[in-house]
Amino acid sequence: QPVKERARSLGYLPPVRLLPALEPGQAVVDEGPLARDRAFAALAAVASPVVGLAPADLTRALGAREALRSTQLDHGVAVPHALLDGVRRTLVVPMLVRRGVPFDPATPPATVLFALFGAPAGARDHVRLLARIARIAQDARAIDHIRTAIDAEDLWKRVVEEDARHD
């Protein structure tokens, strides 16, 4: 216990996990290929009831953030994300698009997407969740495991497994 107290006094934050930001049943699998805006609309439709904002507002926010700089990472992973006033709770929505979503003309299409929606007041946790996703995305084996999901329920389960495996 004294070690934990000392760590807290130095500003140490315990590792963040995806599981609290995931909602059972909130995942998308599509054969694709999909245009980026269509992928954003599909993610927004799933997220809307949980975060409490209209799908069109969520889609626009993802597009506006993407216009600043591509959110595509290595291994065919992208992390579209947005901070919006009025978000009821932070949410991560995983998506698998088997034939991909083009994000950047210089890279192959992304097949695994993790959309992240949060409120501006939670910006610190938002960045920590982005880092968590990036950590998982660096593991090609983890992404291959996620990529072989058979449906949305299986995708959600595999994301939870990989989150637990990456301490």
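**View 1. A polar contact of 2.8 Å links the side chains of Glu162 and His145.** A polar contact here is a pair of N or O atoms within 3.5 Å; within protein, one must be able to donate a hydrogen and the other to accept it, and residues adjacent in sequence count only if both atoms are side-chain atoms. This is a predicted model, in which local features need pLDDT of at least 70 and side-chain atom pairs count only at pLDDT 80 or more, while totals for chains, interfaces and linings use all residues. Residues are numbered from 1 along each chain as its sequence is written, and side-chain values use heavy atoms, with hydrogens and water left out. Glu162 sits in helix 6, residues 152-165. Helices (H or I, at least four residues) and strands (E, at least two) are DSSP runs, numbered from the N terminus. Glu162 counts as buried because its relative accessibility is 4%. The classes are buried (under 20% relative accessible area), exposed (over 50%) and partly exposed (in between), with a 1.4 Å probe and protein chains only. Residues up to four places away in sequence aside, Glu162 touches Ile136, Ala142, His145 and Ile146. Contact means heavy atoms within 4.5 Å.

**View 2. A polar contact of 2.6 Å joins the side chains of Thr71 and Glu66.** Thr71 belongs to the loop between helix 3 and strand 2. With a relative accessible area of 5%, Thr71 is buried. Not counting residues up to four places away in sequence, Thr71 touches Arg65, Glu66, Val77, Ala78, Val79, Pro80, His81 and Phe103. Thr71 and Leu113 are 42 residues apart in sequence, and their C-alpha atoms are 9.6 Å apart in space.

**View 3. Arg65 of helix 3 touches Thr71 and His81, not counting residues up to four places away in sequence.** Is Arg65 buried or partly exposed? Arg65 is partly exposed, at a relative accessible area of 24%. From C-alpha to C-alpha, Arg65 and His81 are 7.0 Å apart, with a sequence separation of 16 residues.

**View 4. His75 has a positive phi of about 60 degrees, although it is not a glycine.** The loop that holds His75 runs between helix 3 (55-68) and strand 2 (77-78). His75 counts as partly exposed because its relative accessibility is 38%.

**View 5. Phe40 is buried in the model and lies in helix 2, residues 36-51.** Its relative accessible area is 1%. Leaving aside neighbours within four places in sequence, Phe40 is in contact with Thr59, Leu62, Gly63, Glu66, Pro80 and Phe103. Phe40 and Ala115 are 75 residues apart along the chain, and their C-alpha atoms are separated by 8.3 Å.

**View 6. Met95 of strand 4, residues 91-101, has a relative accessible area of 0%.** Met95 is therefore buried. Which residues does Met95 contact, leaving aside its neighbours within four places in sequence? They are Val28, Leu34, Ala39, Ala42, Leu43, Thr111, Val112, Leu113 and Leu155. The C-alpha atoms of Met95 and Leu130 are separated by 15 Å, and the two residues are 35 apart along the chain.

**View 7. A cis peptide bond joins Gly32 and Pro33.** Pro33 is part of the loop between strand 1 (28-30) and helix 2.

**View 8. The protein chain has six helices and five strands.** From the N terminus, its elements follow the order α-β-α-α-β-β-β-β-α-α-α. The radius of gyration is 16 Å, close to the 15 Å from the globule rule for 167 residues, so the chain is as compact as a globular protein of that length. This radius is taken over C-alpha atoms, and the rule is 2.2 Å times the number of residues to the power 0.38. The C-alpha atoms fill a box of roughly 55 × 35 × 30 Å along the principal axes. Of the 167 residues, 44% count as buried. Among contacts between residues at least 6 apart in sequence, 73% join residues at least 24 apart.
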